Amino acid sequence: MLLTDPVVLENPFVRLEPLSPAHADDLTDAREGLEYAWYTSVPASVPDEIERRLAERDAGRMNPFAVVSDGRAVGMTTYCGIDLDSPRVEVGYTWLSPRVQRTAVNTAAKLLILGHAFEACEVIAVQLTTHWHNRQSRAAIERLGARQDGVLRNHRRSPDGSLRDSVVYSILPHEWPAVRNGLQARLARG
């Protein structure tokens with residue numbers, strides 16, 4: 001299976017389904033309360049962001065998912081930086097509604113998307129990148145068991161024009177079993 005193939009991933013806690021314009025209303029509601037998060041990829045216009053991600057999907061650069069919990073889209077996550085030759089991928093552009101943060105939703109979604117990358121797509125690495133100032137995201141990535149590769153200083157421009165430092169993490173195939181076990185243990189504890 002290829003990282004670019006459309007796929008539905010599901011477990012008892014969450015469903016990851018190919019992002020579509022049908023998710024726009026739920027996702028617009030879900031982003032409420034995230035406006036303060038200047039350091040993350042929460043879109044100003046959900047319909048525009050869906051359109052952008054679908055164009056990137058059509059170009060083979062991205063495979064975006066809606067994160068669905070209790071029948072409603074509560075966030076987005078994406079395979080991006082897809083390198084089919086290696087194969088390797090970044091999991092990014094992830095955001096979740098404040099209503100589901102610190103619940104089983106993120107853990108369950110990461111279990112699905114990482115499991116699919118390592119087990120179905122046989123990647124050699126999964127990268128996760130976040131803004132230096134996004135301490136909540138950095139802590140969540142570190143709890144996964146990802147290892148920090150480094151900091152890319154002045155890595156890119158933020159929407160306001162300021163320069164962003166990015167913290168890069170990765171998980172390798174031999175690390176995946178321990179990461180998977182940790183995620184499963186967290187879900188079992190509730």
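Residues are classed here as buried at under 20% relative accessible area, as exposed at over 50% and as partly exposed in between, with a 1.4 Å probe and protein chains only. The structure is a predicted model, in which local features need pLDDT of at least 70 and side-chain atom pairs count only at pLDDT 80 or more, whereas totals for chains, interfaces and linings use all residues. Residues are numbered from 1 along each chain as its sequence is written, and side-chain values use heavy atoms, with hydrogens and water left out.

Salt bridges were assigned where a side-chain nitrogen of Lys or Arg lies within 4 Å of a carboxyl oxygen of Asp or Glu. This rule gives a count of 10 salt bridges. Glu10, Arg15 and Glu17 are joined in a network of such pairs. Glu17 is buried at 18%, Arg15 is partly exposed at 28%, and Glu10 is exposed at 52%.

A further salt bridge pairs Asp29 with Arg72, with 3.2 Å between the closest N and O atoms. Asp29 belongs to helix H1 and Arg72 to strand E4, so this pair ties together parts that are 43 residues apart in sequence. Helices (H or I, at least four residues) and strands (E, at least two) are DSSP runs numbered from the N terminus. Both partners are partly exposed, Asp29 having a relative accessible area of 37% and Arg72 one of 35%.

Helix H2 covers residues 46-58, 13 residues in total, and reaches 18 Å from its first C-alpha to its last, close to the 18 Å expected at 1.5 Å a residue. The expected span is 1.5 Å times one less than the number of residues. Buried positions in H2 are Val46, Glu49, Ile50, Arg53 and Leu54. Viewed down the axis of H2, these residues fall within an arc of 135 degrees, so they line one face of the helix; the arc is that of the directions from the helix axis to the C-beta atoms. In general, an α-helix has 3.6 residues a turn, so residues three or four places apart point the same way. The exposed residues Glu51 and Asp58 are carried on the face of H2 turned away from its buried side. The buried residues of H2 pack against helix H1 (24-30) and strands E3 (62-69), E4 (72-83) and E5 (88-96), contact being defined as heavy atoms within 4.5 Å. Just after H2, Gly60 adopts a positive phi of about 80 degrees.

In helix H4 (residues 135-144), the buried residues are Arg138, Ala140, Ile141 and Leu144. They cover an arc of only 165 degrees around the axis, which places them on the same side of H4. The packing partners of these buried residues are helix H3 (104-120), strand E6 (125-131), strand E8 (163-171) and helix H5 (176-189). Gly145 follows H4 and has a positive phi, near 105 degrees.

Thr107 is located in helix H3 and is buried, with 12% relative accessibility. When neighbours within four places in sequence are left aside, Thr107 is in contact with Leu183, Arg186 and Leu187.
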